[in-house]
Protein chains: 2
Amino acid sequence: MIEPTRDPEQLAVHTLRMLAADAVEQARSGHPGMPMGMADGAFVLFQRFLRHDPTRPDWPGRDRFVLSAGHGSALLYALLHLYGYGVSLDDLKRFRQWGSCTPGHPERGCAPGVEMTTGPLGQGFATGVGLALASSHIHERLGGGAFSPADWRVWAIVSDGDLMEGVASEAASLAGHLRLGKLVYLYDDNRISIEGSTELSFGEDVAGRFEAYGWHVQKVDGHDRQALAAACEAARDEIERPSLICARTHIAYGSPGKQDSADSHGAPLGADELRETKRALGWPEEPAFFVPDEARALVERRRAELASEREAWEAELARWKAACPDGAALWEQLSRADLPAGLLDELIEAAAGESAATRALSGKVLQRAAKLVPGLLGGSADLAPSNKTAIKDGGSVAASSFGGRNIHFGVREHAMGAMLNGMALAGLVPYGGTFLVFADYLRPAIRLAALMELGAIYVLTHDSIFVGEDGPTHQPIEQLASLRCIPGLAVYRPADALETAAGWTLALRRRRGPTALVLSRQKLPALERPAGFRPDHALQGAYVLVPEREGKRAVVVASGSELAPAAAAARELGVRAVSMPSVECFFELGASERDAIVPAGWKVAVVEASRDPGWARVAGRDGLVIGMQGFGASAPGDELGERFGLDAGSIQRSLADWLAG
Amino acid sequence: MIEPTRDPEQLAVHTLRMLAADAVEQARSGHPGMPMGMADGAFVLFQRFLRHDPTRPDWPGRDRFVLSAGHGSALLYALLHLYGYGVSLDDLKRFRQWGSCTPGHPERGCAPGVEMTTGPLGQGFATGVGLALASSHIHERLGGGAFSPADWRVWAIVSDGDLMEGVASEAASLAGHLRLGKLVYLYDDNRISIEGSTELSFGEDVAGRFEAYGWHVQKVDGHDRQALAAACEAARDEIERPSLICARTHIAYGSPGKQDSADSHGAPLGADELRETKRALGWPEEPAFFVPDEARALVERRRAELASEREAWEAELARWKAACPDGAALWEQLSRADLPAGLLDELIEAAAGESAATRALSGKVLQRAAKLVPGLLGGSADLAPSNKTAIKDGGSVAASSFGGRNIHFGVREHAMGAMLNGMALAGLVPYGGTFLVFADYLRPAIRLAALMELGAIYVLTHDSIFVGEDGPTHQPIEQLASLRCIPGLAVYRPADALETAAGWTLALRRRRGPTALVLSRQKLPALERPAGFRPDHALQGAYVLVPEREGKRAVVVASGSELAPAAAAARELGVRAVSMPSVECFFELGASERDAIVPAGWKVAVVEASRDPGWARVAGRDGLVIGMQGFGASAPGDELGERFGLDAGSIQRSLADWLAG
């Protein structure tokens, strides 16, 4: 055993290393290599640069720290423990156990100080771009002066895996384009991936690539804390460009047998190697989860400084509020995220009575919503004119100019999805548009929104074969079904102006989960509704649109563009027609409420221009589902309707046969 | 009207422009801007560089041309017409109409000369990388001499939208890393995207970025055909690096009112503007779809040369076959892609009788399959040790060394998916591995495989909450369901060694559609099967594993890791147990065959550790589905089973209650 260091900083860094290694060992599962390799960089960030106060983890003025390399969660938990965020040694000992606040990958809501859920690579990187954009946006909306409560930075640790993922490339390009100077990403350049050396697959010039994106790039020794600090300082001072600090590190730093080896990535060191590592680092072999007093004292001093900084900030906030009452009022609104009373009525009024494509109606509703909800902002992955996602007179977010409410994401659906998550984390109400068929491109980000319970809104237009001539690559078939499978995502496919307003109302109200609005390219007729219908019925996911003739125990369920022809056929046939814009909302109703809409024992048919095996939940094993089986084709939409049996005449005939059968 | 040019080449280029503009005008729908802007570059490629013979569109030695910017399909169809690929003027007049060979975006199988389906941006770019890798791989396997029948190049036209997409970034990085010199991509740098100038969102230094990836990059005036030709020549001669030629173009070149305007991207010019454009280019206003004789004659001469070149190649092929009988035999095998008789038995033998994780069994089956199927190659998105995807002694594909059968895709799931498509287009039998939860990352490529009817194989391991400690970001819940929604994709979730062998057999046989193998992380027991069971029953998607006691009209259906506990419970309760590794294959059976397995009128329960609303097709509206509703959690897998009611005891209790209820 070597002579132990008594340098408090070195002790603190080794503490992070060994807490992480001990936690993984105890769990018999996890990733020790990354925490041991990045402990120096992470400590420099937390100790010297990150603006935070562990006693106030939700301080709105804090910098955001994102561990994009989420498999290194043990490093984050070690930091949160050392800095006093309320993660105890017992919590570290319960790493990766049921109900602990220290799950295998960082999860939002589990431990204070965890800003977001990470693990799927690239997501943290791209979400951080959204967080940084949110800060710059709100700051500018609040006046853009020397102080605002939203003027914070985003610091992240990213891995080679993050940088290989397309979503990170998309986000990096946009961050560089927009000159998001508040981003500082520390790249854990350890040259090791799961399959072995990065020489197997990752030989690109990362620095050159990021410079080409417009980033400020530095290279440092990732174990030289002075150099790391100098680089962080330069990065912080560079306010016109996002920063990447390439920190050359050694994975599993300090482990005699596993440093620089892929073996240390995703498995415990093992008892013997852990002991050897502690010896090599001059660390006591016992007890596990050891924290030297010097490390505690060092961090304690910093905690006191951080608390003072936060208190100074609060004082400055009070002065700012007094000096900028308009800004203060807006900040208050954004923070509370209250919705006006009568939102549904307002939105209905905005689009009322028109026959139009639901995407066009959505565009109208959006204008009113933008007036009512100051935190609402968004854009499209280069399809704004088609998605109808532009806020008129909202201004555009542009390089070094962030106050606009329209974001041009470029043809970058996946980064858009992740950036929406970042903006939602910052308390904004973000939306993003693309064609429904391309929802596939951002699916991993949608899943994370659902997992984090974030109120992102997806405006997904061109929702069926009725897209027409663009053909099968642009015609969604399975997308409705596959979105409906994601736990916690609400999918809403409106049929006319009223339902479009209801869909937006639902989306704006849902601040604890994402919503997908699924909208038609083609014009749809305004529907007649029965006596006794109240607009809020459309919020419950399903309602009776056409009452049946007495004694007719059959019901036709439809959504979106298929509702009008299905309802017409139902009227003709004397059966009930039910509008079901949201299957998820319908299934959240109680059994008796559901039964009042789709009664048990009745014949059920479903009409929807999609392929959703889940409709059997409504129609049953033997019910009729009029929809799509395979891919679409390129032809005018009306002709496709006829060819695929989804025009009004075919629907009517199919339903008549079914009723007679 | 200006004096018409009589330069045959200029006439041919204007012919492409105007045929495309006329086709879009006639269809009243489409994208005229790109074809008009890229006509020069496309003509230079087809006339001087692309090795092709329009009379033999399936000539294996041809270069592959990929229109990654698939919205410019009218340009491709105009080229195919002009070069005599069997696309007639009538076909151009039926652009985007039902049943025509000229759909809105290029579709594989519609017109000869269309190599792949494009439209979803980035896919063509990344698929081209797979095509180029396939060429280099096969060429090296065939001996790597001065001649081989697989020694062709990939030429593509890519747009700014392609370059913004993450999937293209991933593929570009890997192409540079591997030094895929057979790629030449012509970038249509027209500075216009749908929302307007690329200055809105795309300010990066594209050339610098691609140089950082290791590409050879040139910049030219995209309307200067001499410069284009010089750049193509330099690119062709650069055999150690992929090439990007940034061609500065004007969208809708020649249109007085719409050149350089986003308005020309996705809508017809309009009759007036089309007339003005023809005038400005010195083109006759009538008739539409005009092709000058000089252009026809110019291309006709080139066609004759191309045919001679192809004939020379055939002669060289014959000489090569004689000189390299081993290579010739392998080429024959690869071209025929025959499978050995008794494949299923062979694969069963390879994994027989073992209790193991199905991912481990898959790894064993793979070794045997690799011996039996010479075209089989693949890898993982940096998870090979977990996915068990390595072919032992297969060698690795590496920079400038392509003969290995193991591909290290890096953490690039989406590019992997697209590259599998490219390799499948080249006749190989490619597979790619990742965790099931990350199937979301490559979903757009899976969809295209299904649409193109390509036999890509996805090895998706870690298939449920039984992943355990890694937690909800790594535990698939909705992925099984969402994959099952994709038309034409077969999803197979085996329960033991025999079914794993059957899944691979199915996948290897399916050369007209992709297959997803869904595999467990955790060990599963070998199953006992009833008398009369034949292994090929496992290929039909479902079979009776446990016969019911007489008179018991109830059936429990399960897949994968839930089959053993469900079968045990069924034995105990005296009800039938059905293994259903593939729901799609089951529903391809006739109604009576299905009824013999899951009889109508019986009580049905389903057990699967997933969230698949489509199970209602099997269980009915009132059937029991024991599965997951929400996301998982981080804890050891066994504990998660208990917590979520999916351990053997809980399953048994739930089924007993259901049967009693």
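Select Glu453(A) to start: with 34% relative accessibility, Glu453(A) counts as partly exposed, because partly exposed covers the range between under 20% (buried) and over 50% (exposed). Remember throughout that this is a predicted model.

**Stop 1**

Look at the backbone here. Phi is positive, about 60 degrees, although Glu453(A) is not a glycine. Now show the elements on either side. Glu453(A) sits in the loop between helix H17 (443-452) and strand S12 (457-461) of chain A.

Next, select Asp260(B). Look for Asp260(B) in the loop between strand S7 (243-248) and H10 of chain B. Is Asp260(B) buried or partly exposed? Its relative accessibility is 35%, so Asp260(B) counts as partly exposed.

**Stop 2: zoom out to chain A**

Show chain A as a cartoon. You are looking at 25 helices and 20 strands. The radius of gyration is 27 Å, close to the 26 Å that the globule rule gives for 661 residues, so chain A is as compact as a globular protein of that length.

Now think about the inside. Of the 661 residues in chain A, 68% are buried. Take the contacts in chain A with a separation of 6 or more: 76% of them link residues 24 or more positions apart.

Colour by charge next. Chain A carries 67 positive and 83 negative side chains. The centres of these two sets lie 4 Å apart.

**Stop 3: a helix under cover**

Select residues 73-82 of chain A. This is helix H3. How many of its 10 residues are buried? The count is 10 of 10, so helix H3 of chain A is largely enclosed by the rest of the structure. Click along the helix. Its buried residues include Ser73(A), Leu76(A), Tyr77(A), His81(A) and Leu82(A).

What covers them? Show helix H1 (8-27), helix H2 (33-49) and strand S1 (64-67) of chain A, which are among the covering elements. Step just past the end of H3(A) to Gly84(A). Its phi is positive, about 80 degrees.

**Stop 4: a cis bond in each chain**

Select Glu286(A) and Pro287(A). A cis peptide bond joins them, with omega about -5 degrees. Pro287(A) is in the loop between helix H10 (271-280) and helix H11 (293-323) of chain A.

Move to chain B. Glu286(B) and Pro287(B) are also joined by a cis peptide bond, and omega is about -10 degrees. Pro287(B) lies in the loop between helix H10 (271-280) and helix H11 (293-323) of chain B.

**Stop 5: where the chains meet**

Show both chains. In chain B, 103 residues are in contact with 103 residues of chain A. The size of an interface is often given as the accessible area lost when the parts come together. Here chain B and chain A bury about 8,200 Å² between them. Carbon and sulfur atoms account for 57% of that area. Which residues of chain B lose the most area to chain A? They are Trp98(B), Arg447(B) and Arg621(B), together 11% of what that side buries.

**Stop 6: two residues that touch both chains**

Select Glu478(A). It lies in the loop between S12 and helix H18 (479-484) of chain A. With 0% relative accessibility, Glu478(A) counts as buried. Show what surrounds Glu478(A). Contacts in chain A include Asp440(A), Arg611(A) and Phe631(A). Across in chain B, Arg443(B), Arg447(B) and Cys485(B) are among the contacts. Glu478(A) and Arg611(A) are 133 residues apart in sequence, and their C-alpha atoms are 5.2 Å apart.

Finish at Pro636(B). This residue is in the loop between strand S20 (624-626) and helix H24 (637-643) of chain B. At 24% relative accessibility, Pro636(B) counts as partly exposed. Its contacts, leaving aside neighbours within four places in sequence, are Arg96(A), Gln97(A), Gly468(B) and Glu469(B). Pro636(B) and Gly471(B) are 165 residues apart in sequence and 9.2 Å apart in space, C-alpha to C-alpha.

Definitions and conventions
Residues are numbered from 1 along each chain as its sequence is written. Chains are lettered from A and ligands numbered from 1 in the order in which they are written. This is a predicted model: local features need pLDDT of at least 70, side-chain atom pairs count only at pLDDT 80 or more; totals for chains, interfaces and linings use all residues. Side-chain values use heavy atoms; hydrogens and water are left out. Helices (H or I, at least four residues) and strands (E, at least two) are DSSP runs, numbered from the N terminus. The radius of gyration is taken over C-alpha atoms; the globule rule is 2.2 Å times the number of residues to the power 0.38. Buried means under 20% relative accessible area, exposed over 50%, partly exposed in between (1.4 Å probe, protein chains only). Contact means heavy atoms within 4.5 Å. Lys and Arg count as positive and Asp and Glu as negative; His and the chain ends are not counted. The place of a charge is taken as NZ of Lys, CZ of Arg, CG of Asp or CD of Glu. Buried area is the accessible area (1.4 Å probe) that two parts lose on being put together, summed over both.
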